[in-house]
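Here is a short report on one protein model. It goes from the overall form to single side chains.

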Amino acid sequence: KTFVLPEDRDWSVKVSHKFSRGVVNVATSPFEVPKKSYIESTRSDVWMETFGRLFSGAFIGLGRTVARTGAGVFDVITFPFPINDYDPILEPEYVF
């Protein structure tokens with residue numbers, strides 16, 4: 001029987017959370033496009049402006065998709081190391 005110190009348990013929780021956050025961010029990063037499109041389109045009541053904001057939101061979402069994918073890959077690669085004390089490098093932590 002092995003004895004796990006509280007510090008080790010805390011480390012294992014942080015490491016597993018960082019790894020799972022990375023996997024989830026890579027898997028859900030494409031959802032940034034519809035999310036940002038919707039958010040941008042609801043910022044106006046004028047039809048033509050809403051239509052334009054829908055497309056600008058898609059471009060913002062593409063940029064966020066790239067950023068979230070990169071952050072996820074970074075988390076998966078560096079999960080055992082205490083870079084930034086295991087905190088997320090992108091806010092919000094998840095797409096949803």
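A contact here means heavy atoms within 4.5 Å. By that test, residues 24 or more positions apart account for 75% of the contacts in the protein with a separation of 6 or more. This is a predicted model: local features need pLDDT of at least 70, side-chain atom pairs count only at pLDDT 80 or more, and totals for chains, interfaces and linings use all residues. Residues are numbered from 1 along each chain as its sequence is written, and side-chain values use heavy atoms, with hydrogens and water left out.

**Overall form**

The protein has three helices and zero strands. Helices (H or I, at least four residues) and strands (E, at least two) are DSSP runs, numbered from the N terminus. Along the sequence the pattern reads α-α-α. The radius of gyration is 18 Å, well over the 12 Å that the globule rule gives for 96 residues, so the protein is more spread out than a compact globule. That radius is taken over C-alpha atoms, and the rule is 2.2 Å times the number of residues to the power 0.38. Along the principal axes, the C-alpha atoms fill a box of roughly 65 × 20 × 20 Å.

The accessible surface comes to about 6,400 Å², and 71% of it belongs to carbon and sulfur atoms. Areas come from the Shrake-Rupley method with a 1.4 Å probe; for residues, only the protein chains shown count as cover. Buried residues make up 25% of the 96 residues. Buried means under 20% relative accessible area, exposed over 50%, and partly exposed in between (1.4 Å probe, protein chains only).

**Helix H3**

Helix H3 covers residues 47–78, 32 residues in total. From first C-alpha to last it reaches 45 Å, close to the 46 Å expected at 1.5 Å a residue. The expected span is 1.5 Å times one less than the number of residues. Its buried residues include Gly57, Gly61, Arg68 and Asp75. Asp75 has 2% relative accessibility. Beyond four places in sequence, Asp75 touches Lys18, Arg21 and Gly22.

Phe55 also lies in H3 and is partly exposed at 45%. Phe55 belongs to a nonpolar surface patch with Val46, Trp47, Met48, Phe51, Leu54, Phe59 and Leu62, with about 890 Å² of accessible area together. Patches are made of residues with over 30% relative accessible area and no salt bridge: like charges are joined within 9 Å, nonpolar side chains (Val, Leu, Ile, Met, Phe, Trp, Tyr) within 5 Å.

Phe79 sits in the segment after H3. Phe79 and Ser16 are 63 residues apart in sequence, yet 7.6 Å apart in space, C-alpha to C-alpha.

**Salt bridges**

A salt bridge is a side-chain nitrogen of Lys or Arg within 4 Å of a carboxyl oxygen of Asp or Glu. The whole structure holds eight. Among them are these:

| Pair | N to O distance |
|---|---|
| Glu93 and Arg21 | 3.1 Å |
| Glu40 and Arg43 | 3.0 Å |
| Glu49 and Arg53 | 3.2 Å |

Glu93, in the segment after H3, and Arg21, in helix H1 (residues 6–28), are 72 residues apart, so the pair links distant parts of the chain. Arg21 is buried at 1%, while Glu93 is partly exposed at 23%. Glu40 is buried at 13%; Arg43 is exposed at 53%. Glu49 and Arg53 both lie in H3, four residues apart, about one turn of the helix. Salt bridges that share partners join Glu40, Arg43, Glu49 and Arg53 into one network.
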